[in-house]
Amino acid sequence: MYLDQLFFALNVTGPTLLILCMGWLFRKTGLIDDHFIAVGNKIVFNVTLPCLLFFGTVSTPLSESLDGPLILFASLVTAIIVGLLWLASALFVIREKRGVFVQGAFRGNMGVMGIALVLNAYGQQILPKASIYLALMTVLYNILAVLVLRTDKASYWLSLLKNPLVLAVLLGITGSYFAVEIPEIVANSGHYFSQMTLPLALLCTGGSLHWESFKANHKEVIWASIFKLVVVPAIVTGLAIAWGFRAQELGLLFLMMSVPCASASFVMAKQMTRHGAMAAEIIALTTIGSALSITAGLLLLKYRGYI
């Protein structure tokens with residue numbers, strides 16, 4: 001029994017960790033470089049991941065893919081936690097770093113790591129529900145990130161309306177609602193792109209891990225990583241259990257909340273603050289630590305019969 005629970009947890013996190021390590025190794029040996037990673041990330045964000053999300057939602061009725069109570073719960077709890085993180089961070093983070101710290105502590109890599117883990121755990125049948133969750137939470141994450149980083153630039157607000165992931169899910173929902181039939185040649189081509197998404201994205205994520213200024217930011221990086229990997233998932237999952245979520249719903253919520261910090265946090269921190277290196281360190285440390293924290297969390301939830 002215990003071995004079955006352990007194998008379940010390892011089967012969810014193991015493949016993802018292995019490809020991340022391969023990406024890091026390929027980068028170290030020169031098999032891939034910064035140019036490959038930059039282009040690969042663009043292809044994933046603009047082409048293959050939108051294809052995965054679109055075809056994951058367009059063929060499923062909205063009544064089966066939209067989990068309103070789960071998304072409402074996740075949104076409310078996330079907003080409250082971000083507010084509490086902002087207040088708590090004043091105790092040990094200097095003001096000019098607080099926005100980067102808070103973003104690193106709540107913003108997860110749902111589009112790559114989250115989708116990969118959820119599919120490993122529950123298979124393709126959960127993709128429609130995960131896609132809509134991802135799209136709506138991505139909008140919320142971007143709004144909260146803009147607020148904590150204290151920017152009023154219109155370009156960042158407009159970018160929310162042009163996010164390829166959000167647009168892909170909205171198109172998929174529209175196609176599902178009107179029962180649009182996708183031509184076979186288009187569907188087959190789209191599925192080929194979809195299958196590229198997770199291997200390419202995980203290789204690029206592994207290859208992009210850098211340690212530039214850990215000594216200068218070690219306190220903030222460690223605390224942000226602890227909040228991202230342990231404190232926030234524990235609070236959200238505990239509240240979700242008390243609220244009555246179980247099985248796939250709880251598993252989806254836990255995995256999406258437990259993923260490491262999103263690479264988008266580095267892009268925004270670099271553009272809007274002087275502490276982009278700190279954001280990169282949080283991404284690196286949470287990516288490495290997430291293998292242990294997510295496996296332990298899955299093992300505990302499976303052992304207690306919640307998922």
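Author: Gladly! Let us start with handedness: the crossing of α6 and α10 is left-handed, a term used if the near helix is turned anticlockwise from the far one by less than a right angle (right-handed if clockwise). Helices here are DSSP runs of H or I with at least four residues, numbered from the N terminus. This is a predicted model, in which local features need pLDDT of at least 70 and side-chain atom pairs count only at pLDDT 80 or more, while totals for chains, interfaces and linings use all residues. Residues are numbered from 1 along each chain as its sequence is written, and side-chain values use heavy atoms, with hydrogens and water left out.

Reader: Which residues of α6 and α10 make the contact?

Author: Taking contact as heavy atoms within 4.5 Å, α6 supplies Val112, Met113, Ile115, Ala116 and Leu119, and α10 supplies Leu198, Ala201, Leu202 and Thr205. By class, that is eight nonpolar residues, one polar and no charged. Ala, Val, Leu, Ile, Met, Phe, Trp, Tyr, Cys and Pro count as nonpolar, Asp, Glu, Lys and Arg as charged, and the others, Gly among them, as polar.

Reader: At what angle do α6 and α10 pack?

Author: Helix α6 (residues 110-122) meets helix α10 (residues 184-207) at about 130°, their axes being 10 Å apart. That makes α6 oblique to α10.

Reader: Now the empty space. How is it found?

Author: Rolling a probe the size of a water molecule over the atoms shows where empty space is left. On a 1 Å grid over the protein atoms alone, a cavity is a set of points where a 1.4 Å probe fits but cannot get out; a pocket is an open set with protein on both sides within 12 Å along at least five of seven lines, and lining residues have an atom within 4 Å of a point. The count comes to two cavities of 30 Å³ or more.

Reader: What lines the largest cavity?

Author: Thr13, Thr16, Leu17, Leu20, Met113, Leu117, Thr287, Ser290, Ala291 and Ile294 do. The elements giving two or more residues to this lining are α1 (2-29), α6 and α14. The largest cavity holds about 60 Å³ of space.

Reader: And which element gives the largest share of the lining of the second largest pocket?

Author: Helix α11 does, with seven residues. The lining has 16 residues, and Pro233, Ala234, Phe254, Gly297 and Leu300 lie nearest the pocket's centre.

How values were computed: Axes fitted to C-alpha atoms, helices over the stretch in contact; angles between N-to-C directions. Parallel < 35°, antiparallel > 145°, perpendicular 65-115°, else oblique. Points joined across faces, edges and corners; volume = space filled by probe spheres on them.
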